[in-house]
Amino acid sequence: MAQTIEGFVGSALDEAKISPLHRKIVALIAAGYFFDVIDFTIFGSLVPYLLQSKFATGPEAAAIGSATIFGLFVGTAGQGQFSDRFGRRFIYQFNLLLFGIFTILGALAPSVTLLIVCRFIAGVGLGAEQPLCFVYAGEYSPKAIRGRILAIVHFIGGACVWPIGTALVLLFGGMLDTPEHVWRGIWVAIGIGALIVWVLRFALPESPRYLATHGRGDEALGVLTRLGIAGPKEKLTTDAASNTKSDPFAVVFSQFPVRVIAGMICFTAFFGVAIGLGAWLPNIMNAKGFSITKSLQYTLAMNFAVPCASLFMMYALDKFGRKITSVCAFICAGIMAMVFSNAETAAQLMVAGFIMIFFVQVAGNSMQIFASEVFPTNARTSGFGWAAGVGRLATAFIMPTILWVQSGYGLTTVFVCLAILLVVAAAAVTQLGPESRQKGLDEIAAPTG
């Protein structure tokens, strides 16, 4: 039986050798991801400056953070319908433009209300970036090293950002004379960086897997040629999946309900701890008696755990697998959350915090890469987007809840709750789907008509 167009394209990409175009695609994906991730990772470091400048009160700062998270939910969950129907490339470019413009406008906002509006819209663009980032890169990656490539994307765009972001705040804090200039200047710099990458990303081609499953087989073969992949030796056939008209939302929730619900639980735990705790970490340390500068310096030291986690994932994901790596790390993260809550001295805080953040990042990002692989091409960004979107929405409530629990019941209670959430996530990872290590994407979930 003759091979189908989507079957040929999928197999060709799975077995491909890395070409210059592969490297360019990965670099541009990682660069856009860098400016998106740096935005929400440094928000906690900007909170003290927002408060010191008297531009916002504590509750208003929480509202600014929550507005971004609500935008993230809309962008993350909503982009799937568009990118699974109309293509990855256009939506990928639009979201970065939206994020860049409204990040700059937010930096120039004259009032808290306008800043909240701008942060919400910037969050919509930011939310669409993440699922597309991993899906787009994964669809180009050879199956034997897909875990490593996605870990490299995370290392550049999602890991190095943490210490660089904190260092950027410290740099601006030392250079600029007022707290207001610090937080405004940083958001302007991030917005400009995102727009520069937006211009460069016009060179990105569409995903061949998407083209092959949406009636654009000749275009898919053209992209393969640019990747240095030889064309078919015989005529390819088509079937229902070669030009799918399916509704991505229906595919996800009718065919993969367990996977998407498990993903929602996992992302809630990961984002709730990584973003929710990260947003308040400098403030928590400031409340323990450390100055803002000292708090940021300690946070910077702890955040070096993130690139270390990413480097570990480059080895572990293709050696041991996504599932076992994520499950073990979620459990270890829960244990370290309790150790961190009982740390007293600066040295204990930094060591326990470093190890806790390491395991949180290994757990969450191994799971995140896993979730980007377990849905079919015609619903991949929708499945990942809904799982991550609900997780982000939950984080909008977790961020103010952390402050409320800390104020009413103490810091230990905060970390007990977070530890329980992390252990629940470990169980949920086992329900995400079959282990994807060194498997073709169509082996994990074949495209449907």
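Biologist: How close do the axes of helix H16 (residues 322-341) and H19 come, and at what angle do they cross?

Modeller: The two axes approach within 8 Å and cross at roughly 170°. An axis here is a line fitted to C-alpha atoms, for helices over the stretch in contact, and the angle between N-to-C directions runs from 0 to 180 degrees. Helices themselves are DSSP runs (H or I, at least four residues), numbered from the N terminus. This is a predicted model, in which local features need pLDDT of at least 70 and side-chain atom pairs count only at pLDDT 80 or more, while totals for chains, interfaces and linings use all residues. Residues are numbered from 1 along each chain as its sequence is written, and side-chain values use heavy atoms, with hydrogens and water left out.

Biologist: Why are H16 and H19 called roughly antiparallel?

Modeller: Angles under 35 degrees count as roughly parallel, over 145 as roughly antiparallel, 65 to 115 as roughly perpendicular, and the rest as oblique. The crossing angle is roughly 170°, and H16 and H19 are therefore roughly antiparallel.

Biologist: Which residues make the contact between H16 and H19?

Modeller: Contact means heavy atoms within 4.5 Å. Among the residues involved are Phe 330, Ile 331 and Met 338 of H16, and Phe 415, Leu 422 and Val 429 of H19. By class, this contact has 14 nonpolar, four polar and one charged residues. Ala, Val, Leu, Ile, Met, Phe, Trp, Tyr, Cys and Pro count as nonpolar, Asp, Glu, Lys and Arg as charged, and the others, Gly among them, as polar.

Biologist: How many aromatic pairs does the structure hold?

Modeller: The structure holds 23 aromatic pairs. Rings of Phe, Tyr and Trp (its six-membered ring) pair if their centres lie within 6.5 Å; planes under 30 degrees apart count as stacked, over 60 as edge-to-face and the rest as tilted. One of the pairs is Phe 256 with Phe 375, at 6.0 Å centre to centre and 80° between the planes. Its angle is over 60 degrees, so the pair is edge-to-face.

Biologist: What parts does this pair tie together?

Modeller: Phe 256 lies in the loop between helix H12 (248-255) and helix H13 (257-287), and Phe 375 in the loop between helix H17 (346-371) and helix H18 (380-409), so the pair ties together parts that are 119 residues apart in sequence. Both Phe 256 and Phe 375 are buried; buried means under 20% relative accessible area, exposed over 50%, and partly exposed in between (1.4 Å probe, protein chains only).

Biologist: Why is the pair of Tyr 315 and Phe 320 called edge-to-face?

Modeller: The ring centres of Tyr 315 and Phe 320 are 5.7 Å apart and the planes stand at 80°, so the pair is edge-to-face. Tyr 315, with a relative accessible area of 46%, is partly exposed, and Phe 320, at 45%, is also partly exposed.

Biologist: Where does the charged end of Arg 392 sit?

Modeller: The charged end of Arg 392 sits over the ring of Phe 271, 4.3 Å from its centre. A charge sits over a ring if NZ of Lys or CZ of Arg is within 6 Å of the ring centre and within 35 degrees of the ring normal. Arg 201 lies over the face of Tyr 92, at 3.7 Å from the ring centre.

Biologist: Is Lys 54 buried or exposed?

Modeller: Lys 54 has a relative accessible area of 74%, which is over 50%, so Lys 54 is exposed. Lys 54 lies in the loop between helix H3 (43-52) and helix H4 (58-86).

Biologist: What is the phi of Lys 54?

Modeller: The phi of Lys 54 is near 60°, a positive value in a residue other than glycine. Most residues other than glycine have a negative phi.

Biologist: What makes Ile 149 count as buried?

Modeller: Its relative accessibility is 11%, under the 20% limit, so Ile 149 counts as buried. Ile 149 is placed in helix H7 (residues 146-159). Leaving aside neighbours within four places in sequence, Ile 149 is in contact with Ile 18, Val 26, Ser 141 and Pro 142.

Key: Helices (H or I, at least four residues) and strands (E, at least two) are DSSP runs, numbered from the N terminus.
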